[in-house]
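Okay, thanks for coming, everyone.

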Amino acid sequence: EAKAIPLNSVQELEIQRQPSGLEEFDRVLGGGVVPGSVVLIGGEPGVGKSTLLLEVSGQLAKNKKKVLYYSGEESGIQIKLRANRLGVDSDAIFLLTMGSLEDLKRSVKEIKPDYLIVDSIQTINSKAGPAITGSISSMRFVTSQIIEITKAENISVFIVGHINKDGQIAGPKTLEHMVDAVFYFQGELRTDLRILRAEKNRFGSV
């Protein structure tokens, strides 16, 4: 039975942020990664979301953190080639490719990572959920399951969502209320500069 309590009786909890190792990335996060948080990163295909998160994975691994990197779009060889280009090489980064939600859950329980990266939410499905991979109902189901297991294990999660040319996250736009923070990774073809913009952050400013 839920009961209302006075606001001033609620005990404050100091948030212990963990630095990712990328100064500008941490600044947009609000000072670092909050343990147990779920972050959605949207951007057009090819803008560099996978590259950014693989670089973050390398920095986290240097800090003795264990990372589980799920990719539903690229093989382990493709990810390894990008890792070589970025100078990322660690036995603390675990790759899971082309798997189902059930495979992901099993890997989380076996590896017990500190961080989980899902690249991208449109590519993962569940044997127990809606049959059409990438549909709104399927993504909602998968996201809710990922949030449930990661909150229970206090794992920080980065979820990648592709957006279309109009700047809308196709499908994951409906997931924004489910996650703790929403970032957009943006850039133009005529420049090498990329902008990471915070649209929502429950643990900091935007």
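So, D180 and R202: their side chains meet in a salt bridge, 3.0 Å from N to O. By salt bridge I mean a side-chain nitrogen of Lys or Arg within 4 Å of a carboxyl oxygen of Asp or Glu. This pair links distant parts of the chain, with D180 in the loop between strand 5 and strand 6 and R202 in the segment after strand 7 (194-201), 22 residues apart. Helices (H or I, at least four residues) and strands (E, at least two) are DSSP runs, numbered from the N terminus.

Quick housekeeping: this is a predicted model, so local features need pLDDT of at least 70 and side-chain atom pairs count only at pLDDT 80 or more, while totals for chains, interfaces and linings use all residues. Residues are numbered from 1 along each chain as its sequence is written, and side-chain values use heavy atoms, with hydrogens and water left out.

Back to D180. Its side chain also meets K151 in a salt bridge, at 2.9 Å from N to O. K151 sits in helix 5, 29 residues apart from D180. Is D180 buried or exposed? Buried, at 5% relative accessible area; buried means under 20%, exposed over 50%, and partly exposed in between, with a 1.4 Å probe and protein chains only. K151, at 39%, is partly exposed, and R202 is partly exposed too, at 47%.

The count comes to seven salt bridges. Another one joins E74 and R82, with the closest N and O atoms 2.8 Å apart, and both of those residues are buried.

Now the greasy part. The largest nonpolar core has 30 residues, and F25, L29, F158 and F183 are among those with the most contacts inside it. A core here is a set of buried Ala, Val, Leu, Ile, Met, Phe, Trp, Tyr and Cys residues joined through side-chain atoms within 4.5 Å. Which helix gives the most to this core? Helix 2 (residues 49-62), with six residues. There's a second, separate core of 26 residues, including L40 and I149.

Look at L29, in helix 1. L29 is buried, at 5% relative accessibility. Leaving out residues up to four places away in sequence, L29 touches R17, V39, F158, F183 and N201, where contact means heavy atoms within 4.5 Å.

Most residues other than glycine have a negative phi, and most peptide bonds are trans. Here, the bond from D119 to S120 is cis, with omega near 0°. S120 lies in the loop between strand 4 (115-119) and helix 5 (136-153), and S120 is buried, at 0%. The S120 side chain makes a polar contact with the side chain of E73, at 3.2 Å. A polar contact is a pair of N or O atoms within 3.5 Å; within protein, one must be able to donate a hydrogen and the other to accept it, and residues adjacent in sequence count only if both atoms are side-chain atoms.

As for phi, K112 is positive at about 55° although it is not a glycine. K112 lies in the loop between helix 4 (101-111) and strand 4 and counts as exposed, at 56%.
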